[in-house]
Amino acid sequence: MACAAALLLGVGGTATAAVKDVAANGFSIENEQVVPVDQATAWKALVGEVDRWWPKDHTWWGKASRLSIEPRAGGCFCEIGLDGQQQALHMTVSFVDPGKTLRLLGGLGPLQGMGLNGAMEFRLAPADGGGTRITLAYRAGGYTPDDLSKFVPVIDKVQGLQLGGLADYLRKPEARGGANGAQEPPR
């Protein structure tokens with residue numbers, strides 16, 4: 001996984017972040033971005049193009065791996081090394097409402113090795129003034145001898161980077177319908 005120094009990088013675009021609650025054994029965080037595409041385009045990128053937008057420095061094997069999300073109940077948010085031998089099930093898909101909600105269960109990144117579990121939810125909704133508001137919420141917890149409240153600011157920043165990767169990708173003309181930047185109007 002990436003080192004904490006990578007967290008010093010800013011997240012581009014309009015974003016909001018909030019630590020909703022925190023305790024020694026768990027937390028809830030939420031990050032939001034507004035993107036200039038309709039919900040269908042945002043959904044397609046979220047589930048079908050994760051390897052193009054998820055920050056490679058927040059994967060186990062960096063550029064030597066590929067990410068995928070199977071958007072079905074029981075599906076895998078997986079990372080496979082280029083040789084096919086290195087493999088990680090990051091999270092399991094538990095809820096799919098295409099174009100609106102994707103919920104995944106598990107401990108993401110180092111939380112998995114700590115024995116923690118969580119629910120990550122991407123919610124897509126029309127944004128005021130057009131485009132799509134994407135909310136990334138993550139609630140995690142469980143037993144650990146470590147005080148999770150010390151890690152939450154770092155986890156919140158990493159989640160912001162991950163959502164920022166999706167938002168930055170969706171702001172590129174090729175993600176909005178081709179090189180000319182054509183797009184459907186927001187619904």
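**Aromatic pairs in a predicted model**

Let's start with the rings: Trp 53, Trp 54 and Phe 77 make up one aromatic cluster. Here, rings of Phe, Tyr and Trp (its six-membered ring) pair if their centres lie within 6.5 Å, and planes under 30 degrees apart count as stacked, over 60 as edge-to-face and the rest as tilted. Keep in mind that this is a predicted model, where local features need pLDDT of at least 70, side-chain atom pairs count only at pLDDT 80 or more, and totals for chains, interfaces and linings use all residues. Residues are numbered from 1 along each chain as its sequence is written, and side-chain values use heavy atoms, with hydrogens and water left out.

Searching the whole structure turns up three aromatic pairs. In one of them, Phe 27 and Tyr 138 have ring centres 5.9 Å apart and planes at 65°, so the pair is edge-to-face. Phe 27 belongs to strand 2 (residues 26-35) and Tyr 138 to strand 8 (residues 132-141), so the pair ties together parts that are 111 residues apart in sequence. Strands here are DSSP runs (E, at least two residues), and helices are H or I runs of at least four, numbered from the N terminus. Phe 27 is buried at 3% relative accessibility, and Tyr 138 is buried at 1%; buried means under 20% relative accessible area with a 1.4 Å probe, protein chains only.

Trp 53 and Trp 54 form a tilted pair, 5.6 Å centre to centre with 55° between the planes. Trp 53 and Trp 54 are both buried.

Zooming out, the protein has four helices and eight strands, in the order β-β-α-α-β-β-β-β-α-β-β-α. Of its 187 residues, 46% count as buried.

Note on methods:
Buried means under 20% relative accessible area, exposed over 50%, partly exposed in between (1.4 Å probe, protein chains only).
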